[in-house]
Amino acid sequence: MSDSSHIVAAVAELATAVGTLVVSATPNGISRVDFKHRMNPFVEKGMARLFEDADAGLREEAQMWADMAVEQIDEYFMLERDMFDVPLEGPHGDGFREHAQRLLAQIPYGTTITYAELAEMAGSPDAVRAAGTACATNPLPLLLPCHRVVRTDGRMGAYLGGEAAKKHLLRMEAEGLVTPESGT
């Protein structure tokens, strides 16, 4: 029997400058952030079936996390937040990919690292392609900021939301946060 606390029990959407984001949550925290324009309709139907199976109490707790994540992501796009503190439900596993995905949270706002640097941080300097795969399969983009990882040759590299979204996020972060003292 599976633990029902790991079932996606709530979803919230947020229109952003890089497209509509779909935030999925369990009672334990955020399980996925998807770019709606890239979501597979089959996955959307499967999620709807999971909601039907989720207990009302689980849905309420999960919705709290989904709403909190949407609020924090909205603040991020308004240049009022540079980090997220909503609990994450994943990535799961203990392999290189999951380890590299968790390390994405350590990349400071407004900076970039290379796929090679991510591989080195994860303890496998020769696993540059695997670091790219970790970014490409990141279930929590923005919350685990894979957009801050670029190619060694200076080019953007791929991104779940598309190259234009990655460029926008990096440009937005380069502009910096709005501070009450400066008004910028």
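Reader: Over how many bridges do strand 1 and strand 2 pair, and in which sense?
Author: Strand 1 and strand 2 pair over seven bridges, in the antiparallel sense. Two strands count as paired if DSSP finds at least two bridges between them. Helices (H or I, at least four residues) and strands (E, at least two) are DSSP runs, numbered from the N terminus. This is a predicted model, in which local features need pLDDT of at least 70 and side-chain atom pairs count only at pLDDT 80 or more, while totals for chains, interfaces and linings use all residues. Residues are numbered from 1 along each chain as its sequence is written, and side-chain values use heavy atoms, with hydrogens and water left out.

Reader: What do strand 1 and strand 2 form, and how many residues lie between them?
Author: They form a hairpin, with two residues between the strands. Within this pairing, Glu13 stands opposite Val22 of strand 2.

Reader: And which residue is the bridge partner of Val22 in strand 3?
Author: That partner is Asp34. Strand 2, residues 19-26, pairs with strand 3 over six bridges, in the antiparallel sense. Leu21 stands opposite Phe35 of strand 3, and Ser24 stands opposite Arg32 of strand 3. A hairpin through two residues joins strand 2 to strand 3.

Reader: In what order do the three strands form the sheet?
Author: The order is 1-2-3, in an open sheet with antiparallel pairing. Strand 1 (10-16) and strand 3 (29-35) stand at the edges with a single partner strand each, so one side of each has no neighbour in the sheet. From one strand to the next the twist averages 25°.

Reader: How many residues of strand 2 are buried?
Author: Six of the eight residues of strand 2 are buried, and the strand is mostly covered. Buried means under 20% relative accessible area, exposed over 50%, and partly exposed in between (1.4 Å probe, protein chains only). Strand 3 is also mostly covered, with six of its seven residues buried.

Reader: Turning to the helices, at what angle do helix 3 and helix 5 cross?
Author: The axes of helix 3 (residues 96-103) and helix 5 (residues 128-136) cross at roughly 65° and come within 9 Å. Axes are lines fitted to C-alpha atoms, for helices over the stretch in contact, with angles from 0 to 180 degrees between N-to-C directions. Helix 3 is therefore roughly perpendicular to helix 5, a term for angles of 65 to 115 degrees (under 35 is roughly parallel, over 145 roughly antiparallel, the rest oblique).

Reader: Which residues make the contact?
Author: Helix 3 contributes Phe96, Arg97, Ala100 and Gln101, and helix 5 contributes Ala130, Ala131, Thr133 and Ala134. Contact means heavy atoms within 4.5 Å.

Reader: Is Glu98 buried or exposed?
Author: Glu98 is buried, with a relative accessible area of 11%. Its place is in helix 3. Not counting residues up to four places away in sequence, Glu98 touches Pro91, His92 and Gly93.
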